[in-house]
Amino acid sequence: MSTNTLSRITEQMTLPVIAAPMFLISSPEMVIECCKSGIIGSFPLLNARTADILDDWMKRITEELEAAKSKEPERRIAPWAVNLIVHKTNTRYDSDVELIKKYQPPIVITSLGAPGPVVELVHQYGGLVFSDVSNLTHARKAAQTCVDGLILVSHGAGGHAGAINPFAFMGAVREFWDGAIILAGCITSGQDVFAAAALGADFAYMGTRFIAASEGFASEEYQNMLIESTSDDIIYTDALSGVKANFLIQSIRNAGLDPDKLEKKEAVNLSQLNKPDNKAWKDIWSAGQGVNAIKRVMPVASLVEELCQEYKQAEVSLMARSSKNL
């Protein structure tokens, strides 16, 4: 991604944050409200259970954001993004790509596979491709495919997460990558966003905090468990989806399983992820280690406003400490 392109995006934003695409959680309304609040909203394409539903969602997002820009041309309205599973077992891949061609989302986030085939398509209409990676091997491979940004899914992130500390991950990737970096993992507050920027990240990737947004699909029970949980209530395991991920321990117990006696599961067939009876994600709930900072459910607009205030507080605090040390 060029410096000019990055600048054009950030000029449309109130805070350098991407609300991460969360399976079964991110809704069209959440995406719209995020963008209208000045952060990038995103959703997994598989959250729409059929191609027709997905068509309706993408049409709604496009039209509502265009209407908002027309009504308030001076307002900072961020671009939107979709998350495409590029693994060969995603049987919806072809139809989802056709809808990407039709609606041209400004940003496409690729997961669980090589992003190469998608990059040319998205670049043809002027869009950007961000590839999420959880280790250095995948980061190097993605960097060779002309993607515009790498999403570093670090230790402690919700859902499928890596095992590398974000400090180590950022430093290692910067040795071979000069494109945009989106940092993920335990980023829950505005202070965390400020810290990610200080590390050199262009954007902070926030998922768990937005589970407690009122516009999402998360149940009240899920949100309450999130609020009541701490980092000690998170387990990192591949026994539920076949890929290492972070889950709320109490939700595992509620599903009738013993979190101390889980056995490794074979890798999940990704074409089955959006089935309503997929218990690994419907009844057993994911969360990152940053749950400690989540205290209540609130609308996206209020959540983003709080993040902006926390970010500014971090800036003021750093300036005060710097002045004191001079």
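The model on screen is a predicted one.

Strand S10, residues 234-237, pairs with S11 in the antiparallel sense over four bridges. Within that pairing, Tyr236 stands opposite Asn246. Strands of a sheet pair through backbone hydrogen bonds, in either a parallel or an antiparallel arrangement.

Next, show the barrel. Which strands close it, and in what order? Eight strands do so, in the order S1-S2-S3-S4-S5-S6-S8-S9, with parallel pairing. On average, neighbouring strands of this sheet are turned by 25° against each other, direction ignored.

Phe130 has Gly149 in S6 as its bridge partner.

Move on to the helices over S3. Select helix H3, residues 51-71, which lies across strand S2 (40-44) and strand S3 (80-85) and runs at about 160° to S3. Then select helix H4, residues 93-103. H4 lies across S3 and strand S4 (107-111), and its angle to S3 is likewise given as about 160°.

How many cavities of 30 Å³ or more does the structure hold? There is one, and the space in the largest cavity is about 30 Å³. To display its lining, select Pro44, Leu45, Leu46, Asn83, Leu84, Ile85, Asn90 and Asp96. S3 supplies the largest share of this lining, three residues. Sorted by class, the lining of the largest cavity has five nonpolar, two polar and one charged residues.

Now turn to the second largest pocket, which holds about 350 Å³ of space. Helix H1 (3-11) and H3 are the elements that give two or more residues to its lining. The largest share, four residues, comes from H3. To centre the view, select Gln12, Lys69, Pro79, Pro106 and Gly126; of the 19 residues lining the second largest pocket, these lie nearest its centre. The class breakdown of the lining is 10 nonpolar, six polar and three charged residues.

Two backbone stops remain. Most residues other than glycine have a negative phi.

- Select Leu24, in the loop between strand S1 (17-19) and helix H2 (28-36). Leu24 has a positive phi of about 70° although it is not a glycine.
- Select Cys186, in the loop between strand S8 (180-184) and helix H8 (190-199). Phi of Cys186 is near 65°, a positive value in a residue other than glycine. With a relative accessibility of 31%, Cys186 counts as partly exposed.

Key:
Residues are numbered from 1 along each chain as its sequence is written. This is a predicted model: local features need pLDDT of at least 70, side-chain atom pairs count only at pLDDT 80 or more; totals for chains, interfaces and linings use all residues. Side-chain values use heavy atoms; hydrogens and water are left out. Two strands pair if DSSP finds at least two bridges between them. Axes are lines fitted to C-alpha atoms, for helices over the stretch in contact, and angles run from 0 to 180 degrees between N-to-C directions. Contact means heavy atoms within 4.5 Å. On a 1 Å grid over the protein atoms alone, a cavity is a set of points where a 1.4 Å probe fits but cannot get out, and a pocket is an open set with protein on both sides within 12 Å along at least five of seven lines; lining residues have an atom within 4 Å of a point. Grid points are joined across faces, edges and corners, and a volume is the space filled by probe spheres set on the points. Ala, Val, Leu, Ile, Met, Phe, Trp, Tyr, Cys and Pro count as nonpolar, Asp, Glu, Lys and Arg as charged, and the others, Gly among them, as polar. Buried means under 20% relative accessible area, exposed over 50%, partly exposed in between (1.4 Å probe, protein chains only).
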